[in-house]
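The following account leads through a structure from a single side chain to the larger interfaces. Please keep the sequence and the coordinates at hand while reading.

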Amino acid sequence: MISLTNLVKTYHTRDGQVTAVDSIDLTIDEGEIFGIIGYSGAGKSTLIRLLNMLETPSSGNVMIAGKNMNHLSNKQLRKARQEIGMIFQHFNLLWSRTVKENIAFPLEIKGVPKEEREKRVNELIGLVGLEGRGESYPSQLSGGQKQRVGIARALANNPKVLLCDEATSALDPKTTDSILELLVDINKKLGLTIVLITHEMHVIRKICHRVAVMEEGRIVEQGNVLEVFKKPKELMTKEFVKQVTEPEETEEALKQLFKDNGIGHVLQLTFVGGEAKKPLINTIIKSYDVTVNILQGKISQTQNGPYGSLFISVEGDKDEIDRVQDFIRGQQVEVEVIHGE
Amino acid sequence: MNNLLLQQTWFFPNVNWSTMWEATLETIYMASISLVLTFVFGILLGLLLFLTDTGNLWENKGIQTVTAAFVNIFRSVPFIILIVLLIPFTTFIVGSFLGPSAALPALIIGASPFYARLVEIALREIDKGVIEAAKSMGASNRQIIFKVLLPESLPALVSGITVTAIALVSFTAMAGVIGAGGLGDLAYRHGFQRSREDVTLMATIIVLVIVFIIQFIGDRLTNKLDKR
C-alpha cells in the first residue's frame, strides 16, 4: 500500500543542515495499522507529512496505492490527497463551522453535490458516534468529541489511508482508549490502512499490528508488535517497552516491600500469545528445589494476541536458579533478571 | 417634557436643521461609499501581505516587500496632507476636487492600507494547523482563501472594519475642511469661523451618534460571528 525508498528530508537552518528523516525504507501493507514511535525530534512528524507531501522530500520516493507521490502535478497531488485522510493532535477543526459543516468540508473541496454531502455527513456522524451533536460548534465539544469530528472529516472521501499525527496525545487516558477503539473499529469495518505516529507505547500495544521505532531520523527497529514487545533489540525500543511493563516501578516497590529480608532474585517473564496458558510456575515448583513467589503479573491485549509479563522472586541455590532460567527459556518465554545476580 | 424640548431649541438657535441634515447625509455618503471600497481593497491588500509572507501560500519576498512599503507609506502620511497630495489624481478620476465625491479617492487610499494591516493581523491569528489540515484534504489555494482564511478570520475582519469605519468618519470631517462638504465642513465653516458654537456642538453630537451606532453594530456583529 505504502512504500518508502531511501527517503531523506533535510532542512537548512541557521545552524546548518538538519536531517529530519534519514534514508528511510519502509513498507506498509494494505489494511494494517502501522505505528511509528519515537521521542519528539525523532523525525516522525516530518515522516508522516512526507507521506501526503505536506513536506516535500529532499530525495527518495513515496509510493502510495501505486502512485509515486513525488511525481504528481499540483492538480494530481490534490486529487491524491483526497484519498489520504489525516487527523491531528490538536484536531485542526474550523471553529467557524458546525460539526456537520466541518465533516462536509473535504466533500466541498472535492466538489460533491449538496444532497450527497448531507447524506454522507449523516452516515459519518453515526460511524463516529456523534449523533445529536451535528449542529454544535467545535468550541462546544470535548477533546474526544473534537477528535471524532476530525476522524469523520478524514474519512469523508472514503480514503485508502488514514494518517494519524499524535491523534491521542492531547487526550486523557480514558478518551484516548475510546478514540483508539474507534480507530480499530474503522480499520476492521472499512479495511483502511492506518499509519500513526506517537510517543506512547501503549497506543502501539493497543492498536498496531506492526511498529517501527524511530531515532534521529532513522528507523532503528521494526516488526510485529508482539515480537517487538517480546524481544526488543535496540536500547530505544527497550525504553519504549518499559513504558508499558514498568519494571523500574516494580523493582522500586519491591525494594520497599522487602526492605529487611532482601528480595533475592527477581525475574521478569514475558509471555506471548498461547504460551501464557502453560502451567509454567507449577512445573518450576515441582521440578526444581526453589521457592517461588509471584510478585506482580499483568496481561495486556495487542492486535496480534495477548502479551503478559510476570514478576517472580526465586529463592534457592544459585545453580538451581540458573537451571530454572534455562528451563523457562526452553519454554519460549523471555526471562530477564531485574534484581539479583 | 414640553418645556425641555423648548429649551433645546433655544439652546441651538443658529442651527439650520435642513442644512444640518444635508451635511449629515453627505458625511454618511462619503463614509459608507469609502467604507465599502476600503473593505474590498483592504482585504485584497491584507491577503497579499499575508499570503506572500515567508512560509505562506504565495511566498514571494519581492511582492511582500513592495506591498508592505506601499501600505506603510500611505498609512504614515497624515490624512490632511494626503488629500492635498492627491488633488491632481482626484481631479483626474472624479473631474473635480470639490464636493463629497471628490473626497472618496483620498478616503479610500488613506483607509485601505490601515485596514489592510488589520486584515493581515486577523489572518495571522488563524491556526497554521487548520491551513495544513485543508491542504491535507487536497484544497486548492483558492479554496483555502475562501473556505478557510476568510471565514475563520471573519470576526476579526468585522471588528477591524468597525475601527476603520470610525476612522473614516473622522477622515470625512477633515476632508470637509478642504471643501468636501459634510458635518466637518459645516462645523468648521458655519460653526467655528462664524463663532456659532451651537452649530459646532450639534455637528459634533451627530458625529458622535454615528460613531456610537457604528461601534454598536460592529460589536453585535462580531459577537454573533465569533463561535470560538
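Thr24(B) sits in helix α2 of chain B, which covers residues 17-51; helices (H or I, at least four residues) and strands (E, at least two) are DSSP runs, numbered from the N terminus. The model is a predicted one, in which local features need pLDDT of at least 70, side-chain atom pairs count only at pLDDT 80 or more, and totals for chains, interfaces and linings use all residues. Residues are numbered from 1 along each chain as its sequence is written, chains are lettered from A and ligands numbered from 1 in the order in which they are written, and side-chain values use heavy atoms, with hydrogens and water left out.

Thr24(B) counts as buried because its relative accessibility is 6%, where buried means under 20% relative accessible area, exposed over 50% and partly exposed in between (1.4 Å probe, protein chains only). A polar atom of the Thr24(B) side chain lies 2.7 Å from the backbone oxygen of Met20(B). Leaving aside residues up to four places away in sequence, Thr24(B) touches Leu183(B), Ile206(B) and Ile210(B); contact here means heavy atoms within 4.5 Å.

The next subject is the interface between the chains. Here, 22 residues of chain B are in contact with 22 residues of chain A. The size of an interface is often given as the accessible area lost when the parts come together. Between chain B and chain A the buried area is about 2,000 Å², and carbon and sulfur atoms give 61% of it; this area is the accessible area (1.4 Å probe) that two parts lose on being put together, summed over both.

Two salt bridges are counted between chain B and chain A, each being a side-chain nitrogen of Lys or Arg within 4 Å of a carboxyl oxygen of Asp or Glu. In a salt bridge of 2.5 Å, N to O, the side chain of Glu132(B) meets that of Arg49(A). Eight residue pairs, both at pLDDT 80 or more, are in polar contact between chain B and chain A. A polar contact is a pair of N or O atoms within 3.5 Å; within protein, one must be able to donate a hydrogen and the other to accept it, and residues adjacent in sequence count only if both atoms are side-chain atoms. On the side of chain B that touches chain A, α7 (128-136) and α8 (141-180) of chain B each supply at least two residues, and α7(B) gives the most, with seven residues.

Chain A itself has twelve helices and 14 strands. Of its 341 residues, 53% are buried, and its C-alpha trace spans about 75 × 50 × 35 Å along the principal axes. Its domain assignment gives domain 1 (2-233) and domain 2 (246-339), with bounds that come from an automatic or database domain assignment.

The centres of domain 1 and domain 2 of chain A, taken over C-alpha atoms, are separated by 38 Å. Twelve residues of domain 1 of chain A are in contact with 14 residues of domain 2 of chain A, and about 1,100 Å² is buried between these domains, with 58% given by carbon and sulfur atoms. In domain 1 of chain A, Arg205(A), Leu226(A) and Lys230(A) lose the most area to domain 2 of chain A, together 58% of what that side buries. Across this domain interface the rule finds zero salt bridges, while two residue pairs, both at pLDDT 80 or more, are in polar contact.
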